[in-house]
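Dear colleague,

I am passing on the structure below, together with some notes on its aromatic side chains. Please read the notes with the model open beside them.

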Amino acid sequence: MARAVARRADILRAGAVLFAARGFHGVSIDELGRAVGITGPAIYRHFPGKEALLAAMLLDISERLAADGRRAVAESHSPDAALDALLRGHIAFALREPALITVQDRELDNVPEAERRSIRRLQRGYAEEWVAVLARLRPAQPTAALRAAVLATFGLLNSTPHSAGGLSEDAMADLLLAMGRAALLAED
């Protein structure tokens, strides 16, 4: 059983890298299998098809981000600490998983409708966790403005697959933290 779980995780990681590099439609089941040392048809032991693999990949990361966001807020002693925890968690994800960011950005429309709705629901919940924290830090701001700031900040943080080039991971994390805080706490 542990071997099947590990193989499934390997397939998801390889799928993210391949889909990010060549697009969902540019990758065959046989290529996915070769990437993890199995035959293409062996992928079907773990996923009913390529769309199911993509859905599982994006559901998994959406669930992890949502859970991590809730935990970061719950464990923080102040709204400012919660904001830092949210930023640091998202930055760590963005720097660790650039392929998943690329796949999420480009390939969500290839996920079956039911799973796409679940992914979007999780993403909205994650964003609303940030909005609630920001509302405590900027109570005079309308919720719509706070939500726009959060979503724009996600765009900034999620640009790391395209911008992390010449900096070390620590330097990039520090830069993104400073920029994310500035974007979220900017006065009108």
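Is phenylalanine 154 buried or exposed? With a relative accessible area of 10%, phenylalanine 154 is buried, where buried means under 20% relative accessible area, exposed over 50% and partly exposed in between, for a 1.4 Å probe and protein chains only.

Please bear in mind that this is a predicted model, in which local features need pLDDT of at least 70 and side-chain atom pairs count only at pLDDT 80 or more, while totals for chains, interfaces and linings use all residues. Residues are numbered from 1 along each chain as its sequence is written, and side-chain values use heavy atoms, with hydrogens and water left out.

The structure holds four aromatic pairs; rings of Phe, Tyr and Trp (its six-membered ring) pair if their centres lie within 6.5 Å, and planes under 30 degrees apart count as stacked, over 60 as edge-to-face and the rest as tilted. One of them joins phenylalanine 19 to phenylalanine 24, edge-to-face, at 5.3 Å centre to centre with 65° between the planes. Phenylalanine 19 counts as buried because its relative accessibility is 0%, and phenylalanine 24 counts as buried at 1%.

Another edge-to-face pair is formed by tryptophan 130 and phenylalanine 154, at 5.0 Å centre to centre and 90° between the planes. This pair links distant parts of the chain, 24 residues apart, with tryptophan 130 in helix H6 (residues 113-137) and phenylalanine 154 in helix H7 (residues 143-157); helices are DSSP runs (H or I, at least four residues), numbered from the N terminus. Tryptophan 130 counts as buried, at 1% relative accessibility, and Tyr126, Trp130 and Phe154 form one aromatic cluster.

Best regards

Conventions: Helix = DSSP H or I, 4+ residues; strand = E, 2+ residues; numbered from the N terminus.
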